[in-house]
Amino acid sequence: MNCVKKLLAATLALAASIYAAERVYLAPFSMVGLNEDFGIAAEKLMNAYIDDNGRYVLVNYTEEDSVKAGDRESANKIAKDKNCTKFILAEFTRLGENVITAFKLYDVNNESPVWSDRLKAKNPDDFDPIIQRVAKNIGTRRKATNDDDIYTVTEQETKNPKKKGVTSYWGGKIVGSLPLNPSEAKMDAGLGAFVLYDAKDLLFGFDWSMSNLGDNGDRTTLIDLTLSAFYAFNTSNISPFAGGGLSYSMRMNNNDGRYVNGHYVDDSEANGISMQLGGGVLFNRASRVMFITQVNYFIDFFETPFIEIKEDKGNTNVIEKKHYMNGFKFSLGLAIGF
């Protein structure tokens, strides 16, 4: 019985050691050409953002540590004394109007950093997004420089041509429709235009689309004016999204305007409200030119009449059936951001 308890205790201890967050020592930030108060503020930001990520347990330096900013050897010694497996060194250096920020993560007793990155700040206001990105990526295979979250952008980066401050898009799209009900309706293609407002986690859209723009009289024409809201699953350059909206819709069938049994068979049409549910992907979201692919399922809340003309023993009969149309709509769009 004692052996079982010891084995269980050892197993639990091993599991705890595997899944416990690593202890990382944060050495004082080195400030070259900057007020030391900026260093204290930057260290507090690093603490907050690393705690939010939960990958490391950060151990802060104290005055008793006697660690000089940028001194790797003394930081390594204190990190070992405090049972930390890693330590962080950071240096902020002012060069003219810009500040160069450098971050390095070391394993204890290792002279080469296991992770490092360097970013440029235009002013101290940029320290917050820089430290947020470093805390998110430090110790991973990813560099903070390459983080494409469009909401942790520095003023320095917005000076570049690839401006990330886009909030709305205006564009056009190619659309396709595939009604599943009724079976008489056929797949067709058309065009559309849209406006998309980017509110970070939410996207709001207004679009117009029309299928069957040609002379295909045997296909149903679908026209939709749609207001939509979508949830974006991330804030990166390639962002999947899902949601839906409501449309004011028109459905029209060309019945050739024939006379049957002395009666004129006019074109049939209907209009009303329909629901759109679906999602898609935004490509190049951080740029002025954005691509969007989308698939929706539409459900009409009104009936559309379909006319079928049948010949039976020399007699011509007109059969009218009404359907709540539903099916898929596909689109591929290109837009300019503002």
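The model is a predicted one, so local features need pLDDT of at least 70 and side-chain atom pairs count only at pLDDT 80 or more, while totals for chains, interfaces and linings use all residues. Residues are numbered from 1 along each chain as its sequence is written, and side-chain values rest on heavy atoms, with hydrogens and water left out.

The patch is made up of W170, I238, F283, V289, F291, L334, I336 and F338, which together have about 770 Å² of accessible area (Shrake-Rupley method, 1.4 Å probe, with only the protein chains shown counting as cover for residues). Patch members have over 30% relative accessible area and no salt bridge; nonpolar side chains (Val, Leu, Ile, Met, Phe, Trp, Tyr) are joined within 5 Å, like charges within 9 Å. F338 sits in the segment after strand 18 and is exposed, at 54% relative accessible area (exposed means over 50%, buried under 20%, partly exposed in between, with a 1.4 Å probe and protein chains only).

Then there is the inside. In soluble globular proteins, nonpolar side chains tend to be buried together. The largest nonpolar core here has 27 residues, and F29, M46, I88, F92, F103, I131 and V134 touch the most other members; such a core is a set of buried Ala, Val, Leu, Ile, Met, Phe, Trp, Tyr and Cys residues joined through side-chain atoms within 4.5 Å. Elements giving two or more residues to this core include strand 1 (22–26), helix 2 (36–53), strand 4 (86–95), strand 5 (98–107) and helix 4 (127–137). Helix 4 gives the most, with 5 residues.

Helix 2 has 18 residues and reaches 26 Å from its first C-alpha to its last, close to the 26 Å expected (1.5 Å times one less than the number of residues). Its buried residues are G39, A42, E43, M46, N47, Y49 and I50. Their cover includes strand 1, strand 2 (30–32), strand 3, strand 4, strand 5 and helix 4. Leaving out residues up to four places away in sequence, M46 touches L26, F29, L58, F103, I131, V134 and A135, contact being heavy atoms within 4.5 Å.

G139, in the loop between helix 4 and helix 5 (155–158), is partly exposed at 39% relative accessibility. Neighbours within four places aside, G139 is in contact with R55, Y56, L105 and W115.

As for charges, the whole structure holds 9 salt bridges (a side-chain nitrogen of Lys or Arg within 4 Å of a carboxyl oxygen of Asp or Glu). One of them joins the side chains of D107 and K86, at 3.2 Å from N to O. D107 lies in strand 5 and K86 in strand 4, so this pair ties together parts 21 residues apart in sequence. D107 is partly exposed, at 24%, whereas K86 is buried, at 11%. D224 also pairs with K329, the closest N and O atoms being 2.6 Å apart. That pair links distant parts of the chain, with D224 in strand 10 (residues 221–232) and K329 in strand 18, 105 residues apart.

Methods. Helix = DSSP H or I, 4+ residues; strand = E, 2+ residues; numbered from the N terminus.
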